[in-house]
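The sequence and structure come first.

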Amino acid sequence: MTMQWTPSPEQHRETTPSQVPVRLSALIKGIALASSLGVSAFVSAGVQADTWRFALEEVSGSVQDAYAQEFKERIEKASDGDIDVEIYPYGALGTSSQLTELVQSDAIQLTFASPGHLASVIPEAGVFTLHFLFSDDNAVNEKVLGSSKAIDMLSDAYTEQNLQLLGVIPEGWMVWTGNRDIEKPADMEGFKIRTMTSPILVETYRGYGANPTPLPYSEVYSGLQLGQIDGQVNPVFAIEEMSFYEVQDYMIQAKQAQFITTLVASNDFYSGLDDDQRQILDKVTDEMRPYIFEKQEQYNAERLEKIKKDSDIKVITLTDKQRDAFRPAGEKGWKVFREQAGERGSKILDTLQADIKTAEGK
């Protein structure tokens, strides 16, 4: 049964997830018609439109929206107005997996593609969903994600799926919320937690003893409200802006994983850009990395304070000893990842792990 997302009264979004079915249906019809004509739904066959359509996995006011707005300003300025960037927040064009398909088919030019769903198509991308891989020091993670050769290897996997990997964007630590306290693995037993569709994530939470329940982002609030799920996992900013904290009793910070998304375009779009446009795009995406790293820290800190101010949810930060109790079960997902991502995926994981240790000085 599909439930309609119910925002709190004070939320006012330009686009709400309840609008997805109508708009998406029209969009799919448009793409089907365009496909029969051999052209894109939005752009000409040359895919070198001066208008770049950028779709988000998150709503207006999110970290992804902050990235897109800054990206738009920088691209339009660098191109002297020759390029116009149009931004579509979550719900305007479809869900995460559908947005990736729209880019692959050249219906839109840019989107965020989170490994939580993308790993079903590109198993190597699932490396970003692994628990207890990244450093406790977020500055180390930002440095590694901007310099590791693992990203080049991952880019090859994207290319094979007609995707150009333009950037890897961390959005903060994933935080558990629940209708019960979770401070040790035994507390996860039978816990119905909403996860994204990645098989790696599903198996990771099964390792904890939980009952992982994939559910569309737009249905999480109602799922929590109606008791279909016991909890969910997201960065703090998302928990606040989607009001998940309103229908949960506990928020648990375990630093088990980062929420990392990737910025993608289609190979055809990227290769079809002229030299000047490609240089502008490459330069801007490279410069955006430190910008969004600082922005996500700001957003998550501010939203946490807002949650504390606006609710009586109990915020719990696990100690190092408590976190260590989760590690053995959490790292079971590593084995699943290696099996699914194969030799290249294993090399990506080994390279990232080595680079993280080097950056930490270990």
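Contact means heavy atoms within 4.5 Å. Helices (H or I, at least four residues) are DSSP runs, numbered from the N terminus. This is a predicted model, in which local features need pLDDT of at least 70 and side-chain atom pairs count only at pLDDT 80 or more, while totals for chains, interfaces and linings use all residues. Residues are numbered from 1 along each chain as its sequence is written, and side-chain values use heavy atoms, with hydrogens and water left out.

**Helix pair**
- Helix 6 (residues 149-159) and helix 13 (residues 332-359) have axes that come within 8 Å and cross at roughly 160° (lines fitted to C-alpha atoms over the stretch in contact, with angles from 0 to 180 degrees between N-to-C directions).
- Helix 6 is therefore roughly antiparallel to helix 13 (angles over 145 degrees).
- From helix 6, Lys149, Ala150, Met153, Leu154, Asp156 and Ala157 meet Arg344, Lys347, Ile348, Thr351, Leu352 and Asp355 of helix 13.

**Helix 7**
- Ile200, Leu201, Val202, Thr204 and Tyr205 are the buried residues of helix 7 (residues 199-207).

**Confidence**
- Mean pLDDT (the predictor's confidence in each residue, from 0 to 100) is 87, and 86% of residues reach 70 or more.

Terms used. Buried < 20%, exposed > 50% of the residue type's maximum accessible area, 1.4 Å probe, protein only. Helix = DSSP H or I, 4+ residues; strand = E, 2+ residues; numbered from the N terminus. Parallel < 35°, antiparallel > 145°, perpendicular 65-115°, else oblique.
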